[in-house]
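This report describes one model in terms of its helices, core, salt bridge and backbone. The structure is shown first.

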Amino acid sequence: MAGGLFDMSHPASALAGIAGNIVSFFVFLAPMATFLQIYRKKTTGGFSSVPYVVALFSCSLLIFYALLKTKSPLLLTINSFGCCIETVYIIAYLVYAPPRARLRTLAYFFVLDVAAFGLVLVVTMYAFAPAHRVKFLGSVCLAFSMAVFVAPLSIIVKVIKTKSVEFLPVGLSFCLVLSAVAWFCYGLFTKDPFVMYPNVGGFFFSCVQIGLYCWYRKPSNAVLPTTTADAGNGNGGAAEQPQVQVIELPAHSVAILSVGPVPILGVHKIEVMAAEQQTVIDVKDAAEADQPEVIEIVPATAV
C-alpha cells in the first residue's frame with residue numbers, strides 16, 4: 001500500500017506530491033494563530049470567515065476529483081485533512097462571531113459547501129458521460145482552487161483603508177507561496193493541468209499579499225520620535241513647550257495625561273491628570289474595536 005501511495009516509479013512527481021502534502025499541512029495550520037487570538041479576545045473582531053468556507057468547498061471538490069480520477073492518493077490525503085481542519089475553523093468562528101457575522105457565515109456555508117457542492121456532484125455524475133467527467137470536474141476544481149488563493153484578498157480593501165495589517169494573514173500567504181510551488185511541480189510532472197494552472201495564480205496572489213504586509217507593516221506599540229520646542233532660543237525666556245509623543249496603546253494599558261480632553265478611543269482606560277483634579281475615564285476596549293486608534297498625548301507614559 002505504501003508503494004501505491006507514493007508511487008516511486010515516478011520519483012519526481014512523488015517527491016513533489018509529498019512536499020506539497022507537507023507544506024499544505026502547514027498551510028492548513030497557519031490560521032491557528034488567528035483563532036488563538038479570537039479565543040483570547042472571545043470575539044472574531046474584523047476577521048472574515050470567507051477564506052475558511054471557500055477552502056472547505058475547494059477541499060471537498062478536490063477529494064471528489066481525486067476519487068473520480070483515481071490513482072491520486074496524494075491529493076486525497078491532504079484534502080481529507082483540509083476538510084477536517086477547515087470544519088473546525090468554521091465551528092470556532094461561529095462560536096465567537098457576533099450575531100450578524102454568524103448568520104453570514106452560515107449562509108455562506110449552506111450556499112457554497114452544501115448547495116453548490118451538491119449541484120456539482122449531481123451535474124458531474126448525471127450530465128456528463130464517464131469519459132468527460134474528469135475534465136468537467138477538473139475545470140470546476142481549477143476555478144475554485146483559484147478562489148482559495150484569492151479569498152484572503154477580501155481583506156485587502158480593509159488593509160488599504162485602515163493602513164493596518166492586523167487582519168492580513170501573512171503567515172498563511174507565505175505558506176501558500178511554498179504550497180503553490182510544490183503543487184505546480186506535482187501537476188507538471190503528472191501532466192495534470194487542473195492541478196498545475198491554479199497554482200500559478202496562487203503564487204501571484206500570495207506574493208501580492210506579502211507585498212501589502214511589507215508595505216503597511218508598522219511596529220506595534222512604538223513611540224515615535226518626539227518634538228520639543230526650544231525655550232532658550234532668544235524667545236525672552238518663554239516657557240518650554242510640552243513634549244509631544246504619539247503612542248499606540250495596547251488593550252488594558254493606562255496612560256497618564258497632563259492635558260484635559262483628548263480623543264480617547266480604542267483603549268481600555270485613561271487617567272487624565274488636570275491641574276487640580278484627576279479624572280478616570282473608562283472607554284471602549286480595544287479588543288472590541290475594529291482597529292487600535294492612535295491618540296496624541298502631551299506628554300504620555302504607557303504603564
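Lysine 71 is placed in the loop between α4 and α5, where helices (H or I, at least four residues) are DSSP runs numbered from the N terminus. The model is predicted: local features need pLDDT of at least 70, side-chain atom pairs count only at pLDDT 80 or more, and totals for chains, interfaces and linings use all residues. Residues are numbered from 1 along each chain as its sequence is written, and side-chain values use heavy atoms, with hydrogens and water left out.

Most residues other than glycine have a negative phi. Lysine 71 has a positive phi, near 55°. With a relative accessible area of 81%, lysine 71 is exposed (buried is under 20% relative accessible area, exposed over 50%, partly exposed in between, with a 1.4 Å probe and protein chains only). Lysine 42 also has a positive phi, near 60°. Lysine 42 sits in the loop between α3 and α4 and is partly exposed, at a relative accessible area of 47%.

## Helix α6

Helix α6 covers residues 99-127, 29 residues in total. From first to last C-alpha, α6 reaches 39 Å, close to the 42 Å expected at 1.5 Å a residue (the expected span is 1.5 Å times one less than the number of residues). At alanine 116, α6 bends by about 25°; the bend is the angle between axes fitted to the seven residues ending there and the seven starting there.

Which residues of α6 are buried? They are Ala101, Thr105, Leu112, Asp113, Val120 and Thr124.

## Nonpolar core

The largest nonpolar core has 36 residues. Such a core is a set of buried Ala, Val, Leu, Ile, Met, Phe, Trp, Tyr and Cys residues joined through side-chain atoms within 4.5 Å. Leu61, Leu75, Leu137 and Tyr186 touch the most other members. At least two core residues come from each of α2 (11-29), α3, α4 (50-69), α5 (73-96), α6, α7 (130-150), α9 (170-190) and α10 (193-216). The largest contribution is that of α4, with twelve residues.

Neighbours within four places in sequence aside, leucine 137 is in contact with Leu61, Phe64, Tyr65, Leu68, Val120 and Thr124 (contact means heavy atoms within 4.5 Å).

The structure holds one salt bridge, defined as a side-chain nitrogen of Lys or Arg within 4 Å of a carboxyl oxygen of Asp or Glu. Lysine 69 forms it with aspartate 192, and the closest N and O atoms are 2.5 Å apart. Because lysine 69 lies in helix α4 and aspartate 192 in the loop between α9 and α10, the pair ties together parts 123 residues apart in sequence. Lysine 69 is partly exposed, at 29% relative accessible area, whereas aspartate 192 is buried, at 3%.

Methionine 32 belongs to helix α3 (residues 32-41) and is partly exposed, at 36% relative accessibility.

## Annotated spans

An unreviewed UniProt entry lists "transmembrane region" for residues 12-38, 50-68, 74-96, 108-128, 134-155, 167-189 and 195-216. UniProt positions are given in the numbering used here, feature names are shortened, and annotations may be inferred rather than shown by experiment.

Residues 74-96 are 100% helix and 0% strand, with end C-alpha atoms 34 Å apart. Residues 195-216 are 100% helix and 0% strand, and there the end C-alpha atoms lie 32 Å apart. Strands (E) are DSSP runs of at least two residues.
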